[in-house]
Every structure is written in structure tokens, then in C-alpha cells.
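Okay, thanks everyone, I'll keep this short. Have a look at the sequence and the structure on the screen, and then I'll walk you through the helices and a few of the loops.

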Amino acid sequence: MEAVWKIEVEDFPAFIIVDDKGNDFFQEFKVEDGTIPTEINSSIYVVLEFFESLDANRDQYIQPEELVDGFDDLTLDEAESLVKKYDLGKFGGLNLDEFLTLVMSEEHLKIGGVSAKERITSS
Ligand SMILES: [Ca+2]
């Protein structure tokens, strides 16, 4: 159950939406720590480029079939469970964020014999 509270800010009405436990509705949209680790920051374009090269149907999501084409020795079964694991938005594919999490977490994934994580963090 949500509630809307009206607060006064020097003749300017403002509203804060909270749930029945007093939680700030917008809290979940806040980034905990606004800084991106430098090793990722420096290679964000490499990731983006890689992401776009995998996204064969250009829908901004990486489907299991597209993952198979992108990584060495990845079966469709493995790709499907990886997508299931990282597809937090339940889109049936990975968006850029989820894709980055996959690459950073699944260190065994390789591209052309090189760890995908290493590839995107060493440039
Ligand atoms: Ca796609």
C-alpha cells in the first residue's frame, strides 16, 4: 500500500511517495555508488561495440543464440541457462547492463581463446 505525503518547501508544494513502511519509492532507482570501476569505465566502448556486434537482430538484447555466436565453445543449452541467470529484467535476452555483468562474472567465457573479461578490461 502506497501513500502520498505532502510536504511544504517554502511556498512550493512537493510530494514524496512512500510505501506503508515509510520507504522512499525512488530509493530503488538510486545508484548505490555512482562511480564505475575505472577498468570498466575505460573500456565501456569496447563492451558496447562487442554488445552491438553480437546483437544480430538489433533489438538491444542478446538472445541465447547470439551468445553462442559470440563466445568460444558455448552450447545453446549453456547460453540459455546463462541468459536465464542474468536476465533480471526477464526480457528473454540480456541488455547491456546484464551482458556486462555476465562477462564480468563468468570468467570462463572466452572469445578467440582469450577470457572475455580480460578482453574488455585490458583495453
Ligand atoms: Ca538481439
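One definition before I start on packing: I call two residues in contact if their C-beta atoms, placed from the backbone, lie within 7 Å. And please keep in mind that this is a predicted model.

So, the overall layout. We've got six helices and four strands in this chain. Going along the sequence, the pattern reads β-β-α-α-α-α-α-β-β-α. The chain has 123 residues, and buried ones make up 20% of them. As for contacts, if you take those with a separation of 6 or more, 35% come from residues 24 or more positions apart.

Let's begin with helix 2, residues 44-54. Which residues are buried there? They're V47, F50 and F51. If you look down the axis of helix 2, those buried residues fall within an arc of 100°, so they line one face of the helix. The face turned away from that buried side has Y45, E49 and S53, which are exposed. And what does the buried side of helix 2 pack against? Helix 5 and helix 6.

Next up, helix 4, which runs over residues 76-86. Here the buried set is A79, L82, V83 and Y86. Look down the axis of helix 4 and its buried residues sit within an arc of 100°, so again we have one face of the helix being lined. On the other side of helix 4 you'll find D77, S81 and K84, and those are exposed. The buried residues of helix 4 pack against helix 3, residues 64-70, and against helix 5, residues 96-105.

The largest nonpolar core has 19 residues, and the ones with the most contacts inside it are L94, F99 and V103. Which elements give two or more residues to this core? Helix 2, helix 4, helix 5 and helix 6, with helix 6 being residues 116-121.

Okay, loops. Start with the one between helix 2 and helix 3, where I62 is found. Is I62 buried or exposed? There are 30 other C-beta atoms within 10 Å of I62, so it counts as buried, given that the cut-off for buried is 20 or more. Again setting aside neighbours within four places, I62 is in contact with F51, L54, D55, L67, G93, L94 and F99. For one of those, F51, the C-alpha atoms of I62 and F51 are separated by 7.6 Å, with the two residues 11 apart along the chain.

R58 lies in that loop between helix 2 and helix 3 as well. R58 isn't a glycine, and yet it has a positive phi of about 55°. With 7 C-beta neighbours inside 10 Å, R58 counts as exposed. Then there's Q60, also placed between helix 2 and helix 3. Q60 is not a glycine either, and its phi is positive, at about 70°. Q60 has 13 C-beta neighbours inside 10 Å, so Q60 counts as partly exposed.

Last stop: N95, in the loop between helix 4 and helix 5. N95 and Y61 are 34 residues apart in sequence, but C-alpha to C-alpha they're 4.8 Å apart in space. And with 17 C-beta neighbours inside 10 Å, N95 counts as partly exposed.

That's my tour, so over to you for questions.

Notes
Residues numbered from 1 in each chain as written. Predicted model: local features only at pLDDT ≥ 70, side-chain atom pairs only at ≥ 80, totals over all residues. Buried ≥ 20, exposed ≤ 12 C-beta atoms within 10 Å, placed from the backbone. Arc of directions from axis to C-beta. Core = buried A, V, L, I, M, F, W, Y, C linked by C-beta atoms within 7 Å.
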